[in-house]
Amino acid sequence: MTQYQLIDSGHGQKLERFGAYTLIRPCAQAVWRPTLTKEWGGASAEFDRESRWQFREKIPDMWTLSHGGVQFRLSLTEFGHLGVFPEHADLWETMRPLVIPQSRILNLFAYSGGVTFAAAQQGAQVCHLDASKGMVDWARQNAALNRLTDAPIRWIVDDAMKFLQREKKRGSLYDGIILDPPTFGRGSQGEVFKIEQDILPLLSLCRDVLNTAPRFVIFSCHTPGFTPMVLSHLLEQTLPQGHIETGEMALHSPHALSIPSGSFARWTRD
Ligand SMILES: C[S@@+](CC[C@H](N)C(=O)[O-])C[C@H]1O[C@@H](n2cnc3c(N)ncnc32)[C@H](O)[C@@H]1O
């Protein structure tokens, strides 16, 4: 059962429930009017980029959330993130049937590990990579929450591009890769990642570390202008002949408007 819900959005903000707490956060896409009224008054806290978190009730330093079949430790960060990107969960669901027990899955830009645990629950061996040691530590705590401490998960703190170059040299191959790169990021040694200039070489390296009969590559991002068609073109130019499905990631609300939240492209072998 999911404990996350998008309650409403509008006037540049979104109102979301994360378990026991409802939060208001900025949402640039929500240029429309809110659908609901009184629900906004019941929020536990509000984040804005100038004054950070404004509390209307006490929120613990950490609490847990079940979402997309995965347990997460949540915490309010100074950037307005909480330790989960809820819109990504639909991709974990479509990935699960593609993951075969014992297969080798690479999760790049892995953040708090939603993909890692969805794949590990299917019996895969997962390589979880993020440049931030703090995020890898956070994901390891989530592994314990998901009773996956002893699962075959390789925890890597590294720059995605450097790691792929090393894996290629070592001949280390994968059956499936999932990546959710940021618009701009830094590797573990301060390496700069800019999606417009780095995504083609990164995807080419992904191809180089796929085994001879790979199952899938799932690529998503939140970068403005990186529409489903852009992602599809990138996979067509870098991956072997296959089937590509694309779409918009979205947050759906039972009583209000959905929020577009990035794009995805999923490559599978014909
Ligand atoms: C958009 S988040 C990924 C969200 C994730 N897919 C999820 O839904 O849980 C981007 C992540 O990329 C990491 N990152 C940024 N630059 C990186 C780089 N050069 N190499 C590896 N990881 C990087 C950040 O530390 C951050 O955790």
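Visitor: What makes strand 3 (residues 21-26) and strand 4 (residues 45-48) a pair?

Guide: In this predicted model, strand 3 and strand 4 are joined in the parallel sense over two bridges. Ile24 stands opposite Glu46 in strand 4.

Visitor: How do you know that strand 4 also pairs with strand 5 (residues 52-55), and in which sense?

Guide: Four bridges link strand 4 and strand 5, in the antiparallel sense. The threshold is at least two, so these strands count as a pair. Ala45 has Phe55 in strand 5 as its bridge partner.

Visitor: What connects strand 4 to strand 5?

Guide: A hairpin does, through three residues.

Visitor: Which residues of helix 7 (residues 228-238) are called buried?

Guide: Leu231, Leu234, Leu235 and Thr238 are the buried residues of helix 7. Each is called buried because 20 or more other C-beta atoms lie within 10 Å of its own.

Visitor: What covers the buried residues of helix 7?

Guide: The cover includes helix 6 (195-208) and strand 14 (216-221). Strand 15 (243-251) and strand 16 (259-268) are also part of it.

Visitor: Where are the bounds of domain 1 and domain 2?

Guide: Domain 1 spans 4-65 and domain 2 spans 83-268. Their C-alpha centres lie 27 Å apart.

Visitor: How many residues of domain 1 and domain 2 are in contact?

Guide: 14 residues of domain 1 are in contact with 11 residues of domain 2. On the domain 1 side, strand 1 (4-10) and strand 6 (63-67) each supply at least two residues. The largest share, five residues, comes from strand 1. By class, that side has eight nonpolar, four polar and two charged residues.

Visitor: What surrounds the ligand?

Guide: A shell of 19 residues does. The closest are His88, Phe109, Ala131, Asp180 and Gly185. Each of the 19 counts as surrounding the ligand because its C-beta atom lies within 6 Å.

Visitor: How does the shell around the ligand divide by class?

Guide: Eight residues are nonpolar, six polar and five charged.

Key:
Residues are numbered from 1 along each chain as its sequence is written. This is a predicted model: local features need pLDDT of at least 70, side-chain atom pairs count only at pLDDT 80 or more; totals for chains, interfaces and linings use all residues. Ala, Val, Leu, Ile, Met, Phe, Trp, Tyr, Cys and Pro count as nonpolar, Asp, Glu, Lys and Arg as charged, and the others, Gly among them, as polar. Domain bounds come from an automatic or database domain assignment. Two residues are in contact if their C-beta atoms, placed from the backbone, lie within 7 Å. A residue is buried if 20 or more other C-beta atoms lie within 10 Å of its own, exposed if 12 or fewer, and partly exposed in between; C-beta atoms are placed from the backbone.
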